[in-house]
Amino acid sequence: MGTLSGKNAVVTGSTSGIGLAYARAFAAAGANVVINGFGSPEDIEKERAKIESDFGVKAVYSPADMTKPVEIAGMIALGEKSFGSVDILVNNAGIQFVSPIEEFPPEKWDQIIAINLSSAFHAIRAAVPGMKKKGWGRIINTASAHSLVASPFKSAYVSAKHGIAGLTKTVALEVATNKITCNCISPGYVWTPLVEKQIPDTMKARNLTREQVINDVLLDAQPTKEFVTSEQVAALALFLCGDDAAQITGTNLSIDGGWTAE
Ligand code: NAD
């Protein structure tokens with residue numbers, strides 16, 4: 001019996017990177033999972049089936065687009081219909097865009113605010129009634145070191161992540177007496193497709209080579225000079241789901257190699 005057996009989790013943006021690591025860590029602990037995100041149907045089906053065969057739990061896929069509130073509500077409803085409840089909600093889907101503010105496309109601003117911030121509001125709004133009814137819940141939002149500090153050329157991302165930190169505190173207070181906790185995790189740089197994809201634009205914005213971006217921009221932010229791993233982030237989330245974390249709520253937990261200590 002895993003520590004999460006009998007529990008059901010929804011993880012947004014879990015077809016890749018940190019989200020996939022959360023989904024696999026929860027499934028390894030015995031939870032059924034709803035995975036979500038974009039990608040080729042074959043790859044997604046492979047990941048979904050692998051979760052079931054590796055861990056002996058149920059996994060279903062929701063194609064909900066995190067820019068669409070109706071689809072987000074549908075994703076929570078799918079979890080409730082498939083498993084009976086959504087006990088754990090991880091708001092993790094996110095995108096990045098790197099550009100000086102005067103050239104930042106307004107539609108990219110809107111998209112980042114929708115995916116990285118508003119989707120968490122819509123998902124929490126839809127999931128909280130079921131958690132209250134059950135008298136137990138865990139809400140975890142993937143924030144970022146950029147929920148605490150800024151970097152140039154990431155205006156929308158930094159704004160959305162600071163917003164996530166505020167939303168986390170507000171929700172934590174509202175559900176504090178319902179045995180529901182709400183926290184955010186703030187990773188530094190984790191080597192995922194999201195980080196890899198921003199390298200060319202950062203090269204352009206800062207006039208640097210690929211190696212300079214990796215060493216002088218990304219790893220320069222982290223005193224340990226190492227990337228965080230997705231599995232380390234997932235292990236922290238798993239801890240937050242346990243009984244030992246019942247009194248941890250409304251916090252912003254850094255896992256950033258010392259970045260925000262400076
Ligand atoms: P990733 O690109 O590997 O994964 C992002 C996931 O979000 C994918 O599954 C993608 O399909 C999904 N997604 C994107 N747009 C979507 C939409 N409209 N609807 C539904 N799903 C959508 O990135 P990652 O690095 O694993 O990032 C996951 C989270 O972690 C993000 O919120 C990101 O901001 C945060 N984060 C990442 C890092 C890092 O260094 N990688 C650091 C701090 C925080």
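Q: Where is the place of Ser-14 in the chain?
A: Ser-14 sits in the loop between strand S1 (8-11) and helix H1 (17-28). Helices (H or I, at least four residues) and strands (E, at least two) are DSSP runs, numbered from the N terminus. The model is predicted, so local features need pLDDT of at least 70, side-chain atom pairs count only at pLDDT 80 or more, and totals for chains, interfaces and linings use all residues. Residues are numbered from 1 along each chain as its sequence is written, and side-chain values use heavy atoms, leaving out hydrogens and water.

Q: Why is Ser-14 called buried?
A: Buried means under 20% relative accessible area (exposed is over 50%, partly exposed in between; 1.4 Å probe, protein chains only). Ser-14 has a relative accessible area of 1%, so it is buried.

Q: Which residues does Ser-14 touch, leaving out those up to four places away in sequence?
A: They are Gly-19, Leu-20, Ala-23, Val-34, Ile-35 and Asn-36. A contact here means heavy atoms within 4.5 Å.

Q: What does the side chain of Ser-14 reach at 2.7 Å?
A: That side chain reaches the backbone oxygen of Val-11.

Q: What makes the protein chain as compact as a globular protein of its length?
A: First, the chain holds eight helices and seven strands. Its radius of gyration is 18 Å, close to the 18 Å that the globule rule gives for 262 residues, so the chain is as compact as a globular protein of that length. The radius is taken over C-alpha atoms, and the rule is 2.2 Å times the number of residues to the power 0.38.

Technical notes:
Polar contact = N/O pair within 3.5 Å; in protein donor to acceptor, adjacent residues only side chain to side chain.
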